[in-house]
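Visitor: Could you take me through one part of this model slowly? I'd like to see how two pieces of it sit together.

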Amino acid sequence: MVAPGGGYGGNDDNLVDLRVDDHGDPVSELRRIYGIHILLTGTTPEEEKLPLAGELADEVRELLARAGYPSTGGEEGLASALRAFVGTENLEGRWWLGERLDPVVLAHLRACAGR
């Protein structure tokens, strides 16, 4: 698939370029790698992003600790641990500075923390 400026970071026109030529089960593999593609490069509308405060912030702090990213106290500690997780998981495209969390990042964090 192509779209003007649609590539990763807008650097080219390749919106999606996935190959499964030699896989034993190409349809299943294509579904799997397309899911990874959406995870890494998809976008979530602003109105669907979650306020990272209160109970959600507590849950995220606990999940990060279980996933190996313990945070120090306060908002900056939480932001630092979350930034480390997002960077390691290659989810930078879904990260922004602010007080809202992409629900896709939350779902991935829950999966990584075994929840």
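Visitor: What are H2 and H3 to each other, roughly parallel or oblique?

Guide: Before we zoom in, keep in mind that this is a predicted model, where local features need pLDDT of at least 70 and side-chain atom pairs count only at pLDDT 80 or more, while totals for chains, interfaces and linings use all residues. Residues are numbered from 1 along each chain as its sequence is written, and side-chain values use heavy atoms, with hydrogens and water left out.

Now your pair. H2 and H3 are oblique to each other, because their axes cross at roughly 50° (under 35 degrees would be roughly parallel, over 145 roughly antiparallel, 65 to 115 roughly perpendicular, and the rest is oblique). Helix H3 covers residues 74–88, and its axis comes within 10 Å of the axis of H2. (An axis is a line fitted to C-alpha atoms, for helices over the stretch in contact, with angles from 0 to 180 degrees between N-to-C directions; a helix is a DSSP run of H or I with at least four residues, numbered from the N terminus.) The crossing of H2 and H3 is left-handed, meaning the near helix is turned anticlockwise from the far one by less than a right angle.

So who does the touching? From H2 come Ala57, Val60, Arg61 and Leu64, and from H3 come Gly74, Leu78, Ala81, Leu82 and Phe85 (contact means heavy atoms within 4.5 Å). By class, that contact of H2 with H3 has 7 nonpolar, 1 polar and 1 charged residues. (Ala, Val, Leu, Ile, Met, Phe, Trp, Tyr, Cys and Pro count as nonpolar, Asp, Glu, Lys and Arg as charged, and the others, Gly among them, as polar.)

Gly74 also has a part in a distance across the chain: its C-alpha atom is separated by 39 Å from that of Gly5, 69 residues apart along the chain. Gly5 sits in the segment before H1 and is partly exposed, with a relative accessible area of 37% (buried means under 20%, exposed over 50%, partly exposed in between, with a 1.4 Å probe and protein chains only). Leaving aside neighbours within four places in sequence, Gly5 is in contact with Gly10, Asp12 and Asp13.

Side chains of opposite charge can pair when their charged atoms come close. The structure holds 7 salt bridges (a side-chain nitrogen of Lys or Arg within 4 Å of a carboxyl oxygen of Asp or Glu). In one of them, Arg66 pairs with Glu62, their closest N and O atoms being 2.8 Å apart. These two are 4 residues apart in helix H2 (residues 54–66), so about one helical turn separates them. Arg66 is partly exposed at 43%, and Glu62 is partly exposed at 46%. Elsewhere, salt bridges that share partners join Glu46, Lys49 and Arg100 into one network.

Helix H1 (residues 26–41) holds Glu29, whose salt bridge with Arg32 has its closest N and O atoms 2.9 Å apart. Both lie in H1, 3 residues apart, about one turn of the helix. Glu29 counts as buried because its relative accessibility is 16%, whereas Arg32 is partly exposed at 46%. Not counting residues up to four places away in sequence, Glu29 touches Val20 and His23. Finally, Asp21 and Arg19 meet in a salt bridge of 2.4 Å, N to O, and both are exposed.
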